[in-house]
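Biologist: Let us go through this model term by term. I will ask what each label rests on, and you set the value against the rule.

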Amino acid sequence: MKIGVIGGGQLGRMLALAGTPLGLEFTFLDPAVDACAAPLGQHLLAGYDDQDALRRLADAVDLVTFEFESVPAETVAFLSQFVPVYPGAEALRIARDRLFEKSLFRDLGIPTPAFADIHSQADLQAAVASIGLPAVLKTRTLGYDGKGQKVLRSEQDVVGTFAELGEVPCLLEGFVPFTGEVSLIAVRARDGETRFYPLVHNTHDSGILRLSVASQAHPLQGLAEDYVGRVLKALDYVGVMAFEFFEVDGGLKANEIAPRVHNSGHWTIEGAESSQFENHLRAIAGLPLGSTAKVGESAMLNFIGEVPPVASVVSIDGCHVHHYGKAFKAGRKVGHATLRCADLPTLKARIADVEALIAG
């Protein structure tokens with residue numbers, strides 16, 4: 001089977017690494033000459049709105065998926081005329097726009113922080129008066145890894161902020177006093193079968209994920225599965241979805257969804273019976289889903305800007321390096337390490353070892 005992937009970054013690369021043993025072949029459509037997934041398949045060098053290239057992609061593959069949600073929903077809708085695309089255009093349309101996303105959560109009875117749609121500085125002033133401070137203003141589309149947003153802690157922070165973010169549609173979200181950030185990776189097959197990985201504890205710095213640790217029988221696992229299941233069913237979703245939550249007062253409040261394989265699920269490559277990448281491919285290709293059970297205790301640490309000396313990282317017991325083949329650049333995800341250990345104390349010690357190498 002031939003799989004088309006919109007986007008040729010590290011997620012596309014890891015999809016191909018997981019799919020090759022299944023006999024799958026890959027074609028990536030990406031406008032970057034140096035797309036890091038390109039060596040693992042065919043590379044169509046074109047923009048995401050290039051309809052001639054999209055037709056060539058549709059003619060060359062059996063189905064299409066995408067590796068990031070900045071792909072225009074119109075691209076998926078166009079492709080869907082000629083070839084199956086999973087997840088569908090509606091899931092992408094919702095996930096790309098924070099207002100649509102939060103509105104869906106609210107309609108499905110999933111708790112969220114207070115939010116307001118912002119189209120002007122006057123809208124922002126009124127929303128701040130209603131929601132209060134601190135809060136965060138985010139562009140409705142295209143923001144990620146801390147980009148396209150500003151934390152507002154005082155009235156002075158509010159002044160001129162709409163212009164600072166480009167005078168584009170935004171969403172104001174009230175801060176919540178959360179005790180932790182968690183995410184749930186789920187996979188849904190074409191026939192509706194759904195499986196969930198263990199909840200993951202996430203640590204961010206400057207809006208960028210630094211560390212994910214798979215939980216041990218998290219008390220909110222069932223609640224998270226309920227909320228994610230509602231979204232998957234409402235969107236008639238096929239493939240892997242990540243859902244990020246805040247832990248608040250013993251419950252969960254929704255942050256955002258990602259309609260794709262996700263950074264916080266990278267631990268599954270070595271830490272689960274079937275990785276998120278393999279299960280995404282199984283789901284979209286109509287294959288039986290694989291087990292989402294943990295194998296030992298697992299964690300993932302991102303390499304931001306540069307990859308530490310590989311020999312030093314792999315010298316740590318239970319540590320696996322994933323180098324993306326991307327040029328090193330400050331603030332850029334260029335690789336990650338996954339850890340798999342027999343018990344939690346050992347895992348914590350190994351995390352500290354890797355963090356020391358990153359800091360060094």
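Modeller: Start with a rule: lining residues have an atom within 4 Å of a pocket point, and strands are DSSP runs of at least two residues, numbered from the N terminus. The model is predicted.

Biologist: Which element gives the most to the lining of the second largest pocket?

Modeller: β15 does, with 3 residues. The lining includes Leu301, Asn302 and Ile304, and β15 spans 297–304.

Biologist: Which other elements supply at least two residues of that lining?

Modeller: β11 (200–205), β12 (208–214) and α13 (344–359). Among the lining residues are Thr203, Asp205, Arg210, Leu211, Glu355 and Ile358. The pocket volume is about 160 Å³.

Biologist: How do the lining residues divide into nonpolar, polar and charged?

Modeller: There are 4 nonpolar, 2 polar and 3 charged residues. Asp, Glu and Arg count as charged, and the lining includes Asp205, Arg210 and Glu355.

Biologist: Now the sheet. In what order do its 4 strands run?

Modeller: The order is β3-β2-β1-β4, in an open sheet with parallel pairing.

Biologist: Why is one side of β3 and of β4 left without a neighbour in the sheet?

Modeller: β3 (42–45) and β4 (63–66) stand at the edges, and each has a single partner strand, so one side of each stays without a neighbour. From one strand to the next, the twist averages 25°.

Biologist: How do you know that β1 and β2 pair?

Modeller: Pairing takes at least two bridges. β1 (residues 2–6) and β2 (residues 25–30) have 5 bridges, in the parallel sense. Therefore the two strands count as paired. In one of the bridges, isoleucine 3 has phenylalanine 26 of β2 as its partner.

Biologist: Why is α4 called roughly perpendicular to α5?

Modeller: The range for that label is 65 to 115 degrees. The axes of α4 (residues 89–96) and α5 (residues 98–107) cross at roughly 105°, so α4 is roughly perpendicular to α5. The axes come within 5 Å.

Biologist: Which residues make the contact?

Modeller: Arg93, Ile94, Ala95 and Arg96 of α4, with Arg98, Phe100, Glu101 and Leu104 of α5. These contact residues divide into 4 nonpolar, no polar and 4 charged.

Definitions and conventions. Residues are numbered from 1 along each chain as its sequence is written. This is a predicted model: local features need pLDDT of at least 70, side-chain atom pairs count only at pLDDT 80 or more; totals for chains, interfaces and linings use all residues. Side-chain values use heavy atoms; hydrogens and water are left out. On a 1 Å grid over the protein atoms alone, a cavity is a set of points where a 1.4 Å probe fits but cannot get out, and a pocket is an open set with protein on both sides within 12 Å along at least five of seven lines; lining residues have an atom within 4 Å of a point. Grid points are joined across faces, edges and corners, and a volume is the space filled by probe spheres set on the points. Axes are lines fitted to C-alpha atoms, for helices over the stretch in contact, and angles run from 0 to 180 degrees between N-to-C directions. Angles under 35 degrees count as roughly parallel, over 145 as roughly antiparallel, 65 to 115 as roughly perpendicular and the rest as oblique. Contact means heavy atoms within 4.5 Å.
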